[in-house]
Amino acid sequence: VSAASAHALRNWSAVALVLPGALGAAALGAAALVGAPESIAVGQYRVAHVATERSPHATVVVARVTQQGRPGSVRVYLEENQVQSALGEGVPGRPLAYAAIVEATVVVAAPQGGRVLVLGLAGGTIASDIARAGYAVTAVDVNPAAAGVAARWFDLAPAVDVRVGDARRFVERCASAYDAIVVDVFSGLEIPEHLVTREAFAAAA
């Protein structure tokens with residue numbers, strides 16, 4: 001990591017909090033809250049069901065996670081039983097360390113006020129933070145429910161231009177140029193294969 005990157009990362013997140021393994025297990029348990037008790041305890045964590053949004057693409061579960069003895073909470077966006085976004089409430093830094101790293105990388109790589117394409121919206125926390133830093137952000141998500149969930153529960157920045165559709169098709173058909181492209185699309189724990197081919201990278205170049 002360059003000195004510039006390290007400096008940017010400190011600016012983006014004084015304390016980047018990594019969601020521990022126990023929290024990951026708790027978040028997975030949140031998916032079972034649909035039609036079940038409104039909250040469950042997993043070790044030192046408590047997971048409370050906030051909302052469920054269904055679409056033809058996937059079901060999104062929003063949950064609020066608290067840790068015994070610690071102030072604040074983390075709101076998580078789950079799709080396919082995976083945490084895809086997290087928003088801290090009364091806690092320092094970013095709940096997901098990778099999000100802080102992505103945002104810091106954009107600051108270093110793209111000119112101030114530049115155009116950034118985020119492939120994968122989910123809760124929109126990455127897209128929102130980049131937009132609030134002064135960048136023109138377009139975010140693409142295949143799930144038509146994502147934008148509504150992001151706006152209602154994850155403080156989606158109004159400046160983010162949200163498009164619904166497949167990320168690769170959007171890149172292939174888009175005539176606009178971007179200063180940086182963030183690939184934050186996952187199917188389970190993996191990036192979909194059609195987004196990591198030579199053809200996909202050629203379309204994004």
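Predicted model: local features only at pLDDT ≥ 70, side-chain atom pairs only at ≥ 80, totals over all residues.
Good morning. A search of the whole structure finds one cavity of 30 Å³ or more.

The largest cavity has a volume of about 50 Å³. What lines this space? The lining consists of Gln84, Ser85, Tyr98, Val118, Gly120, Leu121, Gly124, Thr125, Ile126, Ala127 and Asp184. Two elements, strand S5 (82-89) and helix H4 (125-132), each give two or more residues to this lining. Helix H4 gives the most, with three residues. Sorted by class, the lining has five nonpolar, five polar and one charged residues. For those new to such searches, the general idea is that a probe the size of a water molecule, rolled over the atoms, shows where empty space is left.

Let us move to the aromatic residues. How many aromatic pairs does a search of the whole structure find? The search finds one. The partners are tyrosine 77 and phenylalanine 154, whose ring centres are 6.0 Å apart; their planes stand at 65 degrees, so the pair is edge-to-face. The reasoning here rests on a cut-off, since planes over 60 degrees apart count as edge-to-face. The two partners come from distant parts of the chain, 77 residues apart. Tyrosine 77 belongs to strand S4 (residues 73-79), whereas phenylalanine 154 lies in the loop between helix H5 (146-153) and strand S8 (161-164). Are these two residues buried or exposed? Both tyrosine 77 and phenylalanine 154 are buried.

Another aromatic ring has a charged neighbour. The charged end of arginine 115 sits over the ring of tyrosine 178, at 4.5 Å from the ring centre.

Next, please find helix H3, which covers residues 97-109. This helix has 13 residues and reaches 18 Å from its first C-alpha to its last, close to the 18 Å expected at 1.5 Å a residue. Which residues of H3 are buried? They include Ala99, Ala100 and Val102, and Glu103, Ala104 and Val106 are buried as well.

Beyond H3, glycine 114 has its place in the loop between that helix and strand S6 (115-119). Why does glycine 114 count as buried? Its relative accessibility is 6%, and buried means under 20%. Glycine 114 also shows how the folded chain brings sequence positions together: glycine 114 and alanine 180 are 66 residues apart in sequence, and 8.2 Å apart in space, C-alpha to C-alpha.

Thank you for your attention.

Definitions and conventions. Residues numbered from 1 in each chain as written. Heavy atoms only, no water. Phe/Tyr/Trp six-rings, centres within 6.5 Å; stacked < 30°, edge-to-face > 60°. Helix = DSSP H or I, 4+ residues; strand = E, 2+ residues; numbered from the N terminus. Buried < 20%, exposed > 50% of the residue type's maximum accessible area, 1.4 Å probe, protein only. Lys NZ or Arg CZ within 6 Å of the ring centre and 35° of its normal. 1 Å grid on protein atoms, 1.4 Å probe; cavity = no way out; pocket = protein on both sides within 12 Å on 5 of 7 lines; lining within 4 Å. Points joined across faces, edges and corners; volume = space filled by probe spheres on them. Nonpolar A, V, L, I, M, F, W, Y, C, P; charged D, E, K, R; others polar. Expected span 1.5 Å × (residues − 1).
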